[in-house]
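I set down what I looked up, topic by topic.

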Amino acid sequence: MIADLPVSVLIASVLAASAPLIIIALGETLTEKSGVINLSLDGVVLFSAMAAFAAAKETGSLGAGFLAGGCAGMITGLIVGYLSIYLHLSQVAVGFALSLLCRDLAYFLGNPYSRIQGPTLLAARLPFHDTLPSFLQNILSQPLTVPAALTLIALLWYFFNATRSGLALRSVGENPAAAFARGLNPNKVQMLAVLAGSFLVGLGGAAYSLSLKPGWGRPQGAEGIGWIALALVIFGGWHPLRVALGAMLFAFLQVSGISLQNIFPSIPAQVFQTAPFPLMIFTLIFMHYSTRKSRISTKPANRLQRRLGLLFMSRAPKSLGKSYQQE
Amino acid sequence: MDVEFKHIGKRFGAVQALKDINLRAISGSIHGLIGENGAGKSTLMKILTGYQSRSEGAIFIDGSRVELKSPEEAADLGIGMLYQEPMDFPSLTVLDNFSLGCPPQSESHLRRSLLELSTRFAFHLVPEQMVELLTVGERQQIELLRLIHCKTRILILDEPTTGISPAQKEALFPVLKQLTEEGMTILLVSHKLEEVAALCNEVTVLRHGRITHHTKAPFHFPELLHAMFGSIPEHDDKEAPRDTGDVVLSFHTVEAEGERLGLHGCTLNVRAGEIIGLAGLDGAGQSTLLRLAAGLTFPEQGDVTLFGSVLPRNSSASHIAQRQQTAFLPADRLEEALFHDISLSEHFSLKEHNPPFLQSGKKSCRQAEKDIATFSIKGKAEDMAKDLSGGNQQRLLLALLDPESRLVLLENPTRGLDIRSGQWVWQYLRNELPPDTAILFSSPELDEILHYSNRILVFHDGEIVLDSDVHNTNHDAVAAAMTGVQ
């Protein structure tokens, strides 16, 4: 594989590195499916990472840390939701301003916790760890965030495609006026989606400061992740599985960048650190065009194709970013 | 259930849309509500569904006063409405659209109900299909079936026959009568007197937001027309045939996708000056043909030739068509042809060929006001396009149409228009455009096609089954061809 890295270690590190990003991107997917764009993601990730680390440090409990991260995310969601859904302010403007505010607030409030040791979520060993071949031992000893993220993919897909609430949420994202005419309350549905989505984003932020890049500081290491998550949601076509695959791809680029650095010591380290971002964009554009044809012809010929379609086909909610006002 | 409106009034800002409406619809009957475009029929019905609030008055159902603050509350009381413009979710499947708004049920049960109901009404609906691929008429069918499935007891139909074919109409009417026999109350909003006469037990006429007439069956048409319009619009005489010139548009063995079954083996020549009516059941290929000619979709095989040059199979086709002075007016005016939140005067500014760098608000407003007066659009220069009624949207589109157009393609030009607006549209098309302009139009109204066209093309399942001069055919022959009877 790449350099001297065994395949199993590579898979393990990709899974570990992608887990927080998956949680964040899926949180945003949930929000955007209802028609609201939460652009504050990047600041919120840092803010919740800080809140999670501070809470975990103060209480000594990882659970409290994750809860604090989630709640920090949800509070920002409350602000975005209230301003854009009920006061009809521009979602883009509110999100941007809040993103900058949250980032600075995180650095300011987090100062006392900078560069100190705190509780860390370590890789858990399965009870039957020793009976496994070493290949699987490497892959399967992961922090809890990894199985949580993987479960979330399936859960969210199931929620969108198999539950009534999921259908209601999608319908509001498509045409809030029609949803209202059918007895739904679009504002309430959107608000709930924003709160749930931003709670997940907060959990993702916590997963950075408590597990993947333990500790707090400036820079923390999660900077820019929010923007990547936003891009993943768009290129992933608002589809949980594709969004998650995109997150894994990004993690793969990051991990392989580190090992490539060892092979080519003459190339400046910054190249490998920043390479994943442009590479990600190129890959996503490539993916976008290669799947374009299949997305355009939307006539499902048989049951199997329909199932496959449900698995992979998806696109922007029609009313995304538009504020809905009742007549 | 009986519905009673008492002293209902509705104001939009300074505009009094409805004033002192008193109306009673009795259980087990069909109550017609007629009036010209913008008379306030739809607003009154939206108040009953809780979609819009009322400014004054009260609503009673079976004698007890109800608030109707939201559609949810109305739906709980069994009130359901089929909106004139489809209120649905284009990117969801037929089944999803069918199930949204109904009490939770298993998917297999919903699918079975959908198929049973569509068989009963002779509709052809595929549960897995995306709604955006369907025609407006088919989308309304889903909605109607959903309302029946949701156990609606007070059913409001706002122009229910706008998008469906005569054959489907014949299937629909008995079902509506059957539903009232089962105790349903139906409120039918329409501007087609024939429909009202065939279905309704009682009729109320609205004009400028007030009730001008109320009567029980049997109906006296001149009386109703007088209440609707003040004066009775005269049915203009069959107009003289027009001279035809060179071929402006030709199709050569064209195969294309679109609508239900696409378009197959289509060969056709259209000459300058011809007015061709495209008849057929909803989705039989008429729209596909119009869109191919406008360069909006491309053939899979065969060529579309416009003014001597073959249209390319890419998105430049529609630009080329426009440069050749071809105009296309879609049925869904607000979605495809106008901009919701752009004012009328800005619509006029947008069509200028060499616009100045700076937009002069005053000057464009003055120009727009002139056009608004010429086309008698009920609206002001600074109004948004979405605030216009259907008839006025069509007038705006005609005002935006290049008067030098050489080929005009119209998808259901009188959709949702009352008699007077419809006549006005045709008067404009025939008399104000140059006489050598070729006009192709589709319409679900056979009478409109027989009356205004020189030549008729009949579509059935994506094929042209009849191509005839209007004098060599008749109503029954066209109707038979539409349904596939040879």
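Entry 1, domain contact. I looked up where domain 1 and domain 2 of chain B touch: 15 residues of domain 1 are in contact with 15 residues of domain 2, contact being C-beta atoms, placed from the backbone, within 7 Å. On the domain 1 side, the elements that give two or more residues are helix H5 (136-149) and helix H6 (166-181) of chain B. Helices here are DSSP runs (H or I) of at least four residues and strands are runs (E) of at least two, numbered from the N terminus. By class, I find 4 nonpolar, 8 polar and 3 charged residues on that side of domain 1; Ala, Val, Leu, Ile, Met, Phe, Trp, Tyr, Cys and Pro count as nonpolar, Asp, Glu, Lys and Arg as charged, and the others, Gly among them, as polar.

I note that the model is predicted, that local features need pLDDT of at least 70 and side-chain atom pairs pLDDT 80 or more, while totals for chains, interfaces and linings use all residues. Residues are numbered from 1 along each chain as its sequence is written, and chains are lettered from A and ligands numbered from 1 in the order in which they are written.

The assignment, automatic or from a database, gives domain 1 as 3-229 and domain 2 as 247-325 + 402-482 in chain B. I read 31 Å between the C-alpha centres of the two domains.

E3 (30-34) runs parallel to E9 (202-207), with 4 bridges; strands pair if DSSP finds at least two bridges between them. In this pair B:Ile34 stands opposite B:Val205. E9 is also joined to E10 (210-216), antiparallel, by 6 bridges, and B:Thr204 has B:His214 as its bridge partner. The E9-E10 hairpin has 2 residues between the strands, and B:His208 takes a positive phi near 50° there.

I followed 6 strands of chain B in the order E16-E17-E18-E13-E19-E20, with mixed pairing. E16 and E20 (463-469) are the edge strands, each pairing on one side only. Within the sheet, E17 (407-411) and E18 (438-442) pair in the parallel sense over 5 bridges, B:Leu407 being partnered by B:Ala438.

Of the 11 residues of H14 (390-400), 10 are buried, that is, with 20 or more other C-beta atoms within 10 Å of their own, C-beta atoms being placed from the backbone. Among them are B:Gln393, B:Arg395 and B:Leu397. The buried residues pack against strand E16 (326-329) and helices H11 (333-336), H12 (344-350), H13 (361-374) and H15 (419-431) of chain B.

Methods:
Buried ≥ 20, exposed ≤ 12 C-beta atoms within 10 Å, placed from the backbone. Contact = placed C-beta atoms within 7 Å.
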